[in-house]
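Please read these points with the model open beside them.

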Amino acid sequence: MALVFRIAMQSIGLLFSLLGWVLACLTNYLPHWKNLNLDLNEMENWTMGLWKTCVIQEEVGRQCKDFDSFLALPAELRISRILMFLSNGLGFMGLLVSGFGLDCLRIVDRQQDLKKRLLILGGVLFWTSGVTALVPVSWVAYLTVQEFWDETIPEIVPRWEFGEALFTGWSAGFSLLLGGCLLYCAACSTPAPGASGHYAVAEMQDHCQQLEMKNTNPKV
């Protein structure tokens, strides 16, 4: 029963981690970190991501333009690019490492201690990936709120608002954190490698003692 529960926890943790990694990759490339709606022209909407800006017009459709220079970007976008790349890389490494540590995988079945360490390492990688995904998303959201309520900017000037990618990034970060926690808890609930052998030896000793008692007390 404990083995089934542990395998279920590992599977759910890996699924959450995989979901978070996919969402983090989408967050990195989606051009919807910020949205700008023009009150003067409701037919035109602007969106901004880490890599390009897009304008959506009802007659023309979507037109996007990549950022020309990395150094010309604001500091939050430059650091967000680096952190999101780091999050995607750590998440991919976590999937590889934790995949080899699953109990349902028979590749390293005889090395339970190694599988436990792989699961713990995978959980830590997913934690780090989740944090590095939450930091840039939350930072951009904080600056967006600050600029939106900045009283020094005239009210007639359009304000940037939250884009869909920010909510995708938050979902990705929390999914990676939850998946990492489940994998770590599943690894900690794994019995020590020598525990099963110890119980087997104890059972064998009891069986030998029973045989000795039967031999010393034969039936008349």
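1. Basis. This is a predicted model.

2. Strands 2 and 3. Strand 2 covers residues 44–48 and strand 3 covers residues 52–57. The two pair in the antiparallel sense, over five bridges. Glutamate 44 has glutamine 57 of strand 3 as its bridge partner.

3. Strands 3 and 4. Strand 4 runs through residues 61–66. Its pairing with strand 3 is antiparallel and counts six bridges. Lysine 52 sits opposite aspartate 66 of strand 4. Again a hairpin makes the link, with three residues between strand 3 and strand 4. Strand 3 therefore pairs with strand 2 and with strand 4, given that two strands pair when DSSP finds at least two bridges between them.

4. The disulfide. How many disulfides does the model hold? The count is one. Cysteine 54 and cysteine 64 form it, with their sulfur atoms 2.0 Å apart. Cysteine 54 belongs to strand 3 and cysteine 64 to strand 4, ten residues apart. The torsion about the S-S bond is about 105°, so this disulfide is right-handed.

5. Accessibility of the bonded pair. Is cysteine 54 buried or exposed? Cysteine 54 counts as buried because its relative accessibility is 1%, and the cut-off for buried is under 20%. Cysteine 64 has 37% relative accessibility, so it counts as partly exposed.

6. Cysteine 181 takes part in no disulfide. Its nearest cysteine sulfur is that of cysteine 185, 6.3 Å away. Cysteine 181 is partly exposed, with a relative accessible area of 35%. Cysteine 185 is partly exposed too, at 44%.

7. Annotated spans. An unreviewed UniProt entry places the feature "transmembrane region" at residues 12–30, 82–106, 118–145 and 165–186. Two of these spans can be set against the model. Residues 12–30 are 95% helix and 0% strand, and their end C-alpha atoms lie 27 Å apart. Residues 118–145 are 100% helix and 0% strand, with end C-alpha atoms 41 Å apart. Please keep the source in view when citing these spans: the annotation may be inferred rather than shown by experiment.

Conventions:
Residues are numbered from 1 along each chain as its sequence is written. This is a predicted model: local features need pLDDT of at least 70, side-chain atom pairs count only at pLDDT 80 or more; totals for chains, interfaces and linings use all residues. Side-chain values use heavy atoms; hydrogens and water are left out. Helices (H or I, at least four residues) and strands (E, at least two) are DSSP runs, numbered from the N terminus. A disulfide is a pair of cysteine sulfur atoms within 2.5 Å. Buried means under 20% relative accessible area, exposed over 50%, partly exposed in between (1.4 Å probe, protein chains only).
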